[in-house]
Amino acid sequence: MDFAPLTHDPVVDVNRAEELDRDLVVIPDGGVGLVPNVGVIGGSHSVLVVETGLGPRNAERLLTFATEYARGRRLYLTTTHFHPEHAFGAQVFAGAATYLVNRAQAEDLAGRGPGYLEMFRGLGAPVARALDGVELVAPDVVYAEHHDLDLGGRVVRLRATGRAHSRGDQVVLVPDAGVLFTGDLVEAGQFSIFPWFPPHDVDVSGLGWIEVMHRLIATDPRVVVPGHGAVAGPGVLADVRDYLELLLDETWARRDSAMSEETIAAEVEALMVQRHPEWTGRDWISRGVGCFCAEHG
Ligand SMILES: [Zn+2]
């Protein structure tokens with residue numbers, strides 16, 4: 001798959017940790033590729049970690065941070081979806097934290113995880129190094145579609161969204177703080193990542209994703225922690241919805257006039273870059289076009 005090889009180490013830097021709300025910390029990605037935004041959410045008796053970072057070394061740094069932060073409170077781990085930089089460090093938390101996810105995500109991890117491990121090992125030496133020693137472990141607790149996790153005086157809502165960026169996307173909402181962790185359903189300052197790799201992986205659904213964005217907007221959060229990019233206000237949800245809807249409209253309008261997918265991709269990419277010249281990840285636009293072409297009714 002045609003990614004440019006990564007030349008930097010994708011390190012979760014716990015020194016960047018910042019408090020977003022009372023007993024709620026984000027470790028921002030620092031603009032570093034293949035590093036997710038990580039959350040640490042505390043209650044009176046338990047602490048929830050959201051995302052592991054890429055591979056065991058990142059997860060070890062995070063577990064050390066979370067253990068110090070928790071000061072004896074019980075640890076939980078969850079991940080927004082199975083992609084390697086979000087979930088491929090979970091093995092490190094075994095025995096120290098209870099790992100819980102939605103069922104569709106657990107199925108993604110079991111079915112797609114090994115293939116993604118191989119694919120990501122091909123993304124350059126730093127990524128292969130980070131993934132050295134990865135073992136894909138099954139979650140301790142699997143819920144169907146929603147789970148309310150009581151951390152003590154704070155209930156966190158874990159919600160499976162249905163198929164969008166992956167089959168098993170999950171969001172994490174902290175209602176008392178108005179904070180929503182979206183994983184890769186939302187990126188700030190970047191074009192939406194469509195992991196559309198036919199014939200290997202065609203799980204992403206642009207149509208499903210648009211529906212999910214409408215539902216996330218309705219949760220009316222105060223703060224949005226995207227999968228990658230800067231922590232933002234709720235406006236970033238509308239930005240993503242608008243982008244996806246425009247991508248759909250522009251793709252289908254051309255598909256209706258029987259244009260080839262290649263021509264559609266070239267025209268739509270030029271249009272989207274013009275609309276969002278400051279966004280990164282331009283390679284994902286044509287994959288989004290491919291996905292919407294396949295979903296053309
Ligand atoms: Zn992802």
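Predicted model: local features only at pLDDT ≥ 70, side-chain atom pairs only at ≥ 80, totals over all residues.
Once the neighbours within four places in sequence are left aside, Val49 is in contact with Val40, Leu62, Ala66, Leu75, Tyr76, Leu77 and Ala97. Is Tyr76 buried or exposed? Tyr76 counts as buried because 25 other C-beta atoms lie within 10 Å, and the cut-off for a buried residue is 20 or more. Again leaving aside neighbours within four places in sequence, the contacts of Tyr76 are Ser46, Leu48, Val49, Ala97, Thr98, Leu100 and Leu149. Leu100 shows how the fold brings together separate parts of the chain, for Tyr76 and Leu100 are 24 residues apart along the chain, while their C-alpha atoms are separated by 7.4 Å.

We can now turn to the helices. Two packed helices are described by the angle between their axes and the distance between the axes. For helix 5 (residues 206-218) and helix 6, the angle is about 155° and the axes are 9 Å apart. Because angles over 145 degrees count as roughly antiparallel, helix 5 and helix 6 are roughly antiparallel to each other. Their crossing is left-handed. On the side of helix 5 the contact is made by Gly206, Trp209, Ile210, Met213, His214, Leu216 and Ile217, and these meet Leu237, Ala238, Val240, Arg241, Leu244, Glu245 and Leu248 of helix 6. By class, the residues in this contact of helix 5 with helix 6 comprise ten nonpolar, two polar and two charged.

The second pair consists of helix 7 (residues 261-275) and helix 8 (residues 283-294), whose axes come within 9 Å and cross at roughly 130°. That angle makes helix 7 oblique to helix 8, and the crossing of helix 7 and helix 8 is right-handed. Here Glu261, Ile264, Ala265, Val268, Glu269 and Met272 of helix 7 meet Ile285, Ser286, Val289, Gly290 and Cys293 of helix 8. The contact of helix 7 with helix 8 is made up of seven nonpolar, two polar and two charged residues.

Terms used
Residues numbered from 1 in each chain as written. Axes fitted to C-alpha atoms, helices over the stretch in contact; angles between N-to-C directions. Helix = DSSP H or I, 4+ residues; strand = E, 2+ residues; numbered from the N terminus. Parallel < 35°, antiparallel > 145°, perpendicular 65-115°, else oblique. Left-handed = near helix turned anticlockwise from the far one by under 90°. Contact = placed C-beta atoms within 7 Å. Nonpolar A, V, L, I, M, F, W, Y, C, P; charged D, E, K, R; others polar. Buried ≥ 20, exposed ≤ 12 C-beta atoms within 10 Å, placed from the backbone.
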